[in-house]
Amino acid sequence: MKIAILPGDGIGPEIIEQAVKVLNTLGESFEMESAPVGGAGYAAHGHPLPEATLKLAQEADAVLFGAVGDWKYDTLERSLRPEQAILGLRKNLGLFANLRPAILYPELAGASTLKPEVVSGLDILIIRELTGDIYFGQPRGVREAPDGPFKGQREGFDTMRYAEGEIRRIAHVAFQAAQKRDKRLTSVDKANVLETFQFWKDIVTDVHKEYPDVALDHMYVDNAAMQLVRAPKKFDVMVTGNMFGDILSDAAAMLTGSIGMLPSASLDANNKGLYEPSHGSAPDIAGKGVANPLATILSAAMMLRYSLGKAEQADRIENAVKKVLAQGLRTPDIYEAGTTKVGTAEMGEAVVKALG
Ligand code: NAD
Ligand code: IPM
Ligand code: MN
């Protein structure tokens with residue numbers, strides 16, 4: 001089995017190194033091949049998603065991705081910016097279903113900014129549509145405003161759109177995920193304002209007919225953001241569009257103690273996938289050896305489960321993470337008094353040891 005390793009920028013290489021150490025300890029014979037992506041791809045080959053990197057990702061059985069982005073590239077024309085690498089990978093590989101499980105490990109109840117009783121026992125799954133919406137809709141750009149009170153001035157514009165088939169396939173993923181859990185699905189939209197999301201709601205409602213065993217409800221995204229911090233345990237599975245899912249999953253991450261704890265799987269129709277932490281390249285802490293590698297290590301576990309058919313190995317990694325947290329080891333983002341502060345490499349090393 002071949003795994004493409006794409007470390008990227010900022011803390012990407014630091015956290016990926018830990019996940020690779022963990023994978024190498026499992027006693028499996030994975031073939032791993034690395035390639036530059038993001039700012040690193042631009043620096044090496046003049047493009048954030050070099051052809052050889054895309055080819056490696058396409059040919060591999062799964063992709064393990066760190067993070068991309070660096071302030072020094074923010075002034076490049078958009079097509080050359082690091083973020084285009086992850087957007088291009090998602091689009092080119094057809095990774096339309098993004099699974100972001102927000103689980104609170106009991107040991108981290110005090111690390112969340114929310115009261116322990118609000119978050120303890122939290123186990124929700126956010127399913128974010130990943131290849132449509134305003135992220136990819138055309139046309140977009142800066143033009144001369146064609147009408148309105150600012151007619152003739154420059155205006156920026158993007159296009160929000162969802163095709164019926166696009167909504168149907170992510171709805172099926174969400175209903176099927178809910179069937180394997182508590183059988184409750186919340187579809188998050190903005191149907192009260194946006195045509196795109198009234199259509200979304202109508203299609204999800206229609207797909208629901210095929211899943212009578214799942215309880216479906218609909219919630220506006222602003223309310224959903226509020227409910228996520230008010231009573232997050234009321235949710236089981238949430239499904240939403242690309243942009244709302246981006247925002248809500250960062251909010252949900254904080255319920256788990258830190259964004260450094262939230263893994264993700266981005267899947268195509270055949271469960272081929274790319275696995276990455278939900279956070280970014282964290283340029284503010286890059287190179288300091290303090291980033292939390294657990295979201296990346298847990299993403300590697302998701303990779304074993306969803307794409308490589310190695311559920312037992314995934315369990316082993318998840319149990320090792322639990323063990324390390326029970327030992328009281330904490331990177332600074334999840335540190336609290338009475339625990340032991342460790343760096344990125346020590347945390348990775350501890351997970352390796354806990355694998356036994
Ligand atoms: P970010 O997620 O990189 O960082 C937000 C905050 O969370 C920072 O304070 C950071 O230090 C902290 N943080 C993130 N991951 C952490 C970890 N593992 N351990 C400890 N702390 C962690 O978001 P940002 O600052 O808005 O963006 C930085 C860059 O990353 C930008 O270029 C952005 O476009 C990019 N980005 C990339 C991805 C991706 O590659 N999929 C995701 C999000 C952001
Ligand atoms: C994420 C990130 C990306 C997104 C950016 C870096 C393009 O924020 O994976 O959540 O918006 O999808
Ligand atoms: Mn994001």
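## Model and confidence

pLDDT is the predictor's confidence in each residue, on a scale from 0 to 100. The structure described here is a predicted model. Its protein has an average pLDDT of 97, and 100% of the residues score at least 70. For the complex, the predictor reports an ipTM of 0.97 together with a pTM of 0.96.

The shell around ligand 1 holds 20 residues, of which Gly69, Gly260, His279, Gly280 and Asn292 come nearest. By residue class, this shell is made up of 10 nonpolar, 6 polar and 4 charged residues.

Around ligand 2 lie Gly69, Glu83, Ile86, Leu87, Asp246, Ser278 and Gly280. Their division by class is 2 nonpolar, 3 polar and 2 charged. Helix 4, which spans residues 83-92, supplies the largest share of this shell, with 3 residues.

Two residues link the descriptions of the ligand surroundings. Gly69 and Gly280 are among the residues that come nearest to ligand 1, and Gly69 and Gly280 also belong to the shell around ligand 2.

## Annotated binding-site residues

An unreviewed UniProt entry lists Asp222, Asp246 and Asp250 under "binding site". These positions are spread over 29 residues of sequence, yet they cluster in space, with a largest C-alpha distance of 14.3 Å.

Asp246 is located in helix 9, which covers residues 242-255, and is also one of the residues around ligand 2. Because Asp246 has 17 C-beta neighbours inside 10 Å, it counts as partly exposed; a buried residue would need 20 or more, and an exposed one 12 or fewer. Asp250 likewise has its place in helix 9. With 15 other C-beta atoms within 10 Å, Asp250 is therefore partly exposed.

Strand 3 is joined to strand 1 (residues 2-8) by 5 bridges, and the two run parallel. In this pairing, Ile5 stands opposite Leu64 of strand 3. Strand 3 is also joined to strand 12 (residues 273-275), here by 3 bridges, and this pair too runs parallel. Within strand 12, Leu274 is the bridge partner of Val63. In a regular strand, side chains alternate between the two faces of the sheet.

Methods. Residues are numbered from 1 along each chain as its sequence is written. Chains are lettered from A and ligands numbered from 1 in the order in which they are written. This is a predicted model: local features need pLDDT of at least 70, side-chain atom pairs count only at pLDDT 80 or more; totals for chains, interfaces and linings use all residues. A residue is near a molecule or strand if its C-beta atom, placed from the backbone, lies within 6 Å of it. Ala, Val, Leu, Ile, Met, Phe, Trp, Tyr, Cys and Pro count as nonpolar, Asp, Glu, Lys and Arg as charged, and the others, Gly among them, as polar. Helices (H or I, at least four residues) and strands (E, at least two) are DSSP runs, numbered from the N terminus. Two strands pair if DSSP finds at least two bridges between them. UniProt positions are given in the numbering used here, feature names are shortened, and annotations may be inferred rather than shown by experiment.
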